[in-house]
Amino acid sequence: MRVALLLSASRHPVSGRPMPTRGELQALALARSLGGEVTGFFAGADPTGPARALGHGLDRLVHLALPEGTDPVPALTYALRAEGLALALAGPRSVGGDETGLVPYWLAEWLGWEIAGGAVALTRTGDNVEVTEALPRGARRVLAASGPLMVVAHAGAPAPAPYAYARERRGRVERREANSMPDAPGMPDGVEERPLRRRAPIVADAARGAGTRLVAPAPEEAARAILAELRRVRAIP
């Protein structure tokens, strides 16, 4: 199985040295768990940091040369389609840059792929992949994917493989001039600003992991628990 790994122009938060983020290296560990070739893709000016992922087990790195500050999504879309890949992994966000964490989501939108966030494990089932997602309060959910898929690693994913300098030196970096897809769907022409709106109490509680977890309850017990929780957050009188 051939897998793509998205890499960013991140820097160490203390030293400022170019390097992959821990989340990207955890995504690499997830990709390696499936077997097969893992190819890194970096769209930007300086591949020094992404190239260090070769020392953690990345098979090869494709550097899509772009000027500093250029949107990487069109070039990545073109490259993944040209490679014929149907599974890509990414970390939650870059470090030392824009740090929006939106690139995997926009890329999935442009490619027309499904996306799964918070992944802590991947399992190969024939030609398909099962994703284990992390949920609040230590819960897990398994999703089965049968089509092209973008996966974003969770902080609880496997630890990165140890770095080996010799392995990085043996790795391949392939430089390409980036091709763009200006007519790809989904990307807005500009940034839309909206006033800040407070989140509903029930959503905020879910993000904090509040509430009661019931495992295989009786229907009456589940109904009483749901009503009690809705009254607690004032969603119903």
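Modeller: A salt bridge is a side-chain nitrogen of Lys or Arg that lies within 4 Å of a carboxyl oxygen of Asp or Glu. This is a predicted model, in which local features need pLDDT of at least 70 and side-chain atom pairs count only at pLDDT 80 or more, while totals for chains, interfaces and linings use all residues. Residues are numbered from 1 along each chain as its sequence is written, and side-chain values use heavy atoms, with hydrogens and water left out.

Colleague: What makes E37 and R60 a salt bridge?

Modeller: The closest N and O atoms of E37 and R60 are 4.0 Å apart, and because the definition asks for a distance within 4 Å, the pair qualifies. E37 lies in the loop between α1 and β2 (38–44) and R60 in strand β3, so that parts of the chain 23 residues apart are linked; helices (H or I, at least four residues) and strands (E, at least two) are DSSP runs, numbered from the N terminus. R60 also belongs to a network, in which salt bridges that share partners join R2, E37, R60, E83, E174 and R176.

Colleague: How do you know that the side chains of R2 and E83 meet in a salt bridge?

Modeller: Their N to O distance is 2.9 Å, which is within the 4 Å limit, so the pair counts. R2 is in the segment before β1 and E83 is in helix α3 (residues 73–83), 81 residues apart, and the pair therefore links distant parts of the chain. The two partners fall into separate classes: R2, with a relative accessible area of 38%, is partly exposed, while E83, at 15%, counts as buried.

Colleague: What makes D59 and R32 another such pair, and how many salt bridges does a search of the whole structure find?

Modeller: The side chains of D59 and R32 meet at 2.8 Å, N to O, and D59 lies in the loop between α2 (48–51) and β3 (60–65) while R32 is in helix α1, so parts 27 residues apart in sequence are tied together. At 29% for D59 and 36% for R32, both values lie between 20% and 50%, so each residue is partly exposed. The search of the whole structure finds ten salt bridges.

Colleague: Why is α3 called largely enclosed by the rest of the structure?

Modeller: Eight of the eleven residues of α3 are buried, which is why the helix is described in that way. Among them are V73, L76, L80 and E83, and what covers the buried residues includes β1, β2, β3, β4 (87–90), α4 (103–111) and β9 (172–177). Just after α3, G84 takes a positive phi of about 70°.

Colleague: What makes β7 and β9 the edges of the sheet?

Modeller: The open sheet has nine strands in the order β7-β6-β5-β8-β4-β1-β2-β3-β9, with mixed pairing, where two strands pair if DSSP finds at least two bridges between them. β7 (140–145) and β9 each have a single partner strand, so one side of each is left without a neighbour in the sheet. The twist averages 35° from one strand to the next.

Colleague: How do you know that β2 and β3 pair?

Modeller: Six bridges join β2 to β3, which run parallel, and because at least two bridges are required, the two strands count as paired. Within this pair, T39 stands opposite R60 in β3.

Colleague: How do you know that H12 is in contact with residues beyond its neighbours in sequence, and why is H12 called partly exposed?

Modeller: Contact means heavy atoms within 4.5 Å, and, leaving aside neighbours within four places in sequence, H12 is in contact with R17 and M19. H12, found in the loop between β1 (3–6) and α1 (22–32), has 31% relative accessibility and therefore counts as partly exposed. The C-alpha atoms of H12 and V95 are separated by 7.2 Å, although the two residues are 83 residues apart along the chain.

Note on methods: Buried < 20%, exposed > 50% of the residue type's maximum accessible area, 1.4 Å probe, protein only. Axes fitted to C-alpha atoms, helices over the stretch in contact; angles between N-to-C directions.
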